[in-house]
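I opened my notebook to look up a few things in this structure. Have a look at it with me before reading on.

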Amino acid sequence: MASTSRAARSQNGSLSQPTQITREVDDKVRAILNYILDHTAQKIPIKDKDLVPAAGDRNELKKRLPLVTELLAKRFGILLTPLDAASKTFICIAEEPVASIHELTPAQRPQFTLLYIILMYIFLRGNRIEDSKLYAMLEMLNIQTDEEHGYFGASVRKQIEETFVKQQYLKRERSQLSAYDDFKTFFLWGPRAKAEFTYEQIVQFGSKLLKQDPKVFQHHLTMAQEGASAEQ
């Protein structure tokens, strides 16, 4: 049911549909599909203007995008999802996201593990954390953010500030308490993280990592769920 509703939201949030929608899989539909499929592995958001050359022009793209969205979901299990209701930028999400680290290749596991640790910490700190406090937490785990790590690889800071932010797993905000204070940078869950992971998954991961009963995190879970409901 969750996957079906996501697909529906994905199609409803696509570019505004013209009067005539193309239902035929023509060369332009194939070209749009190929472009999207070629870029899904990088997990970088796709803008509608990136798809225009494959379609020929913006109007042809509008005619074909609903069919492309449908084919991606039915044939490939990929949901073409807008970043927001008015967005012309999309992210591709697996209809059945990774449920376990064992489903990943050995090359994918370090980045996935690092991401889970970060999302868990943001979750535990009220879904918003100052960057300096995040890096301090990682250093407490002997993960030096500006040095090569034996498991997580080169420059953990770069993975966080560039890769995870570009992939929309993390959202970065700058704010100040007052006009007299310096700006500070905060990290939050990004739209891809909210689409691919649930707070319950993070609780299970945290309970295993910290060797705690999942009930210990019930207060955090309730607060996070209430915050998510308020955003809808």
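Predicted model: local features only at pLDDT ≥ 70, side-chain atom pairs only at ≥ 80, totals over all residues.

**Aromatic rings**

Residues are numbered from 1 along each chain as its sequence is written, and side-chain values use heavy atoms, with hydrogens and water left out.

How many aromatic pairs does a search of the whole structure find? The search gives nine. Rings of Phe, Tyr and Trp (its six-membered ring) pair if their centres lie within 6.5 Å; planes under 30 degrees apart count as stacked, over 60 as edge-to-face and the rest as tilted.

I checked F112 and F197: their ring centres are 6.0 Å apart and their planes stand at 65 degrees, so this pair is edge-to-face. F112 lies in helix α5 and F197 in the loop between α8 (191–196) and α9 (199–210), so the pair ties together parts 85 residues apart in sequence. Helices (H or I, at least four residues) and strands (E, at least two) are DSSP runs, numbered from the N terminus.

Next came F123 and Y199, with centres 5.7 Å apart and planes at 25 degrees, so I noted them as stacked. F123 belongs to α5 and Y199 to α9, so here the linked parts are 76 residues apart in sequence. Both F123 and Y199 are buried. I also found that ring pairs link F112, Y116, F164, Y169, F197 and F205 into a cluster.

**Strands**

I then looked at β2 (residues 78–82), where five of five residues are buried. I78, L80 and P82 point one way and L79 and T81 the other. In a regular strand the side chains alternate between the two faces of the sheet. Five bridges join β2 to β3 (residues 89–94), and the two run antiparallel; L80 has C92 as its bridge partner.

Another sheet to look up was the open one of three strands, ordered β4-β6-β5 with antiparallel pairing; two strands pair if DSSP finds at least two bridges between them. Why is one side of β4 (129–130) and of β5 (170–175) left without a neighbour in the sheet? Each stands at an edge with a single partner strand, so that side has none. Six bridges join β5 to β6 (residues 184–189), and K171 stands opposite L188 in β6.

Note on methods:
Buried < 20%, exposed > 50% of the residue type's maximum accessible area, 1.4 Å probe, protein only.
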